[in-house]
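Here is a short report for a reader meeting this structure for the first time. Take a look at the chain before reading on.

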Amino acid sequence: MLNVPSQSFPAPRSQQRVASGGRSKVPLKQGRSLMDWIRLTKSGKDLTGLKGRLIEVTEEELKKHNKKDDCWICIRGFVYNVSPYMEYHPGGEDELMRAAGSDGTELFDQVHRWVNYESMLKECLVGRMAIKPAVLKDYREEENKVLNGMLPKSQVTDTLAKEGPSYPSYDWFQTNSLVTIAIYTKQKDINLDSIIVDHQDDSFRAETIIKDFLYLIHIGLSHEVQEDFSVRVVESVGKIEIVLKKKENTSWDFLGHPLENHNSLIPRKDAGTEIVKPYTPVSGSLLSEFKEPVLPNNKYIYFLIKIYHTGLFTPELDRLQIGDFVSVSSPEGNFKISKFQELEDLFLLAAGTGFTPMVKILNYALTDIPSLRKVKLMFFNKTEDDIIWRSQLEKLAFKDKRLDVEFVLSAPVSEWNGKQGHISPALLSEFLKRNLDKSKVLVCICGPVPFTEQGVRLLQDLNFSKNEIHSFTA
């Protein structure tokens, strides 16, 4: 359990104070504080000794660098020259020398697992360990060990090992309430769009796109976890962290047992992977004169989806043909129709495809809320061509005088006469004017995460209460 630190934090027997063999801090020389180290890393001085080059390091080469003035240490496949850091290390030089010229991952995890070493030592990065030829072994021999996922996989052929990316790896660690699965892709261009995470019941699956290959983690978890999870990417080193919440605050002896294709790296064309992404159903049109098509059993769903040709998911949708099948889950979400009861003013803030949840809200509000006096939509886009359903919005505003629509462009042409810029206090303070001083109001906001988070903060600054704000995930 992570608690608020007390005056005695870290606790006398915590790992922050003591490792299994006992550990204490040593006094540092003047000018060797953490801030001094940060200033040194930003000074532009070459801390690797390689003048900016990154190299692949063999085990034989790593072993040669085992002295205080020439000390390389490997942590999770990456090699750092820690000699410049010796005098700044709170645990002293001797503590670092325990891992000199070797793989210090296990030692690091015993004492420093919570430390963001990637950031602290990024200017000391020498390169990564060279990949050794795989020695195949049965994963079942390892499944009861506390967790090192860095195992070879028989599905990887010799050709793949030679032509594909450096072989990824994973491991995990835990607190009383959380389990973190760390994937080391060894590729610096990884981002959130490169990973798909899914877990159902006790099955966990993470698929990472690495160039033309798919790296799959597929595990039957040893304990139950909650539905929500978070994903963080450290792009500078290609690390992905997936944080799961335990259902019970208990210590896990092992992560789980491997499922089909677990810990494998295979060409994407052979992956046959399932791709999952949430989308908001919309109406067929904003205009009431639109006639729904007559389909068998009157069952149909509309989606409004923008195709990103460099994206991971939408190009696959774009290639679907009539007669192809896709699986659709049951609906999810926490928006309740009861929010509209006796509503007088409705404000909608949308950016790009964040407009999709506003479609049904507009249809429902203008049709079924007799108390409604005013609906205002502020729609943010980059250019005029990006405005979704512009003509329908303008027709609906002309038809129903309760609706006002304002378009805001961040990159307009010179002929644009409308509003310009990004979401801001100036735009919102002018836009969010109630019909009456104490009228019941609801503000709905949806767009990219930075837009939504910034918008919610601005709304709170403008004294809208939490009950008067509802944010969707685009």
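## Aromatic groups

F335, F340, Y364 and F472 come together as one aromatic cluster. The model is predicted. Across the whole structure, a search finds 11 aromatic pairs. One of them joins W37 and Y88. This pair is tilted, with 5.1 Å from centre to centre and 55° between the planes.

W37 sits in helix α1 (residues 34–41), and Y88 sits in the loop between β4 (78–81) and α3 (93–97), so the pair ties together parts that are 51 residues apart in sequence. Are the two partners buried or exposed? W37 counts as buried because its relative accessibility is 1%. Y88 also counts as buried, at 11% relative accessibility.

## The nonpolar cores

The largest nonpolar core has 34 residues. Within this core, L346, L348, F355 and F379 have the most contacts. Which elements give two or more residues to the core? They are β18 (345–351), α8 (356–368), β19 (374–381), α9 (390–399), β20 (403–409) and β22 (441–446). Helix α8 gives the most, with 6 residues.

A second core is separate and has 25 residues. Y170, I181, A206 and I217 are among them.

Now back to F355. Neighbours within four places in sequence are set aside here. F355 is then in contact with L286, A350, L362, L377, F379, I388, W389 and L393.

## Salt bridges around K419

A search of the whole structure finds 22 salt bridges. One of these is formed by the side chains of E406 and K419, at 3.5 Å from N to O. E406 lies in strand β20 and K419 in strand β21 (residues 419–420). The two are 13 residues apart, and the pair links distant parts of the chain. E406 is partly exposed, with a relative accessible area of 22%. K419 counts as partly exposed too, at 26% relative accessibility.

K419 also forms a salt bridge with E430. Here the closest N and O atoms are 4.0 Å apart. E430 belongs to helix α10 (residues 425–431), 11 residues from K419 in strand β21. This pair, too, links distant parts of the chain. E430 counts as partly exposed because its relative accessibility is 46%.

## Other salt bridges

E468 and R434 form another salt bridge, with the closest N and O atoms 3.4 Å apart. Where do the partners lie? E468 is in the loop between α11 (449–461) and β23 (469–471). R434 is in the loop between α10 and β22. They are 34 residues apart, and their pair links distant parts of the chain.

E468 is buried, with a relative accessible area of 17%, whereas R434 counts as partly exposed at 29% relative accessibility. Elsewhere, K29, R32 and E87 are linked in a network of salt bridges.

## A nonpolar patch on the surface

Which residues form a nonpolar patch on the surface? They are I301, F303, L320, V326 and V328. Together they have about 450 Å² of accessible area.

F303 is placed in strand β17 (residues 302–303). Why does F303 count as partly exposed? Its relative accessibility is 37%, and partly exposed covers the range between buried, under 20%, and exposed, over 50%.

Methods: Residues are numbered from 1 along each chain as its sequence is written. This is a predicted model: local features need pLDDT of at least 70, side-chain atom pairs count only at pLDDT 80 or more; totals for chains, interfaces and linings use all residues. Side-chain values use heavy atoms; hydrogens and water are left out. Patches are made of residues with over 30% relative accessible area and no salt bridge: like charges are joined within 9 Å, nonpolar side chains (Val, Leu, Ile, Met, Phe, Trp, Tyr) within 5 Å. Accessible areas come from the Shrake-Rupley method with a 1.4 Å probe; for residues, only the protein chains shown count as cover. Helices (H or I, at least four residues) and strands (E, at least two) are DSSP runs, numbered from the N terminus. Buried means under 20% relative accessible area, exposed over 50%, partly exposed in between (1.4 Å probe, protein chains only). A nonpolar core is a set of buried Ala, Val, Leu, Ile, Met, Phe, Trp, Tyr and Cys residues joined through side-chain atoms within 4.5 Å. Contact means heavy atoms within 4.5 Å. Rings of Phe, Tyr and Trp (its six-membered ring) pair if their centres lie within 6.5 Å; planes under 30 degrees apart count as stacked, over 60 as edge-to-face and the rest as tilted.
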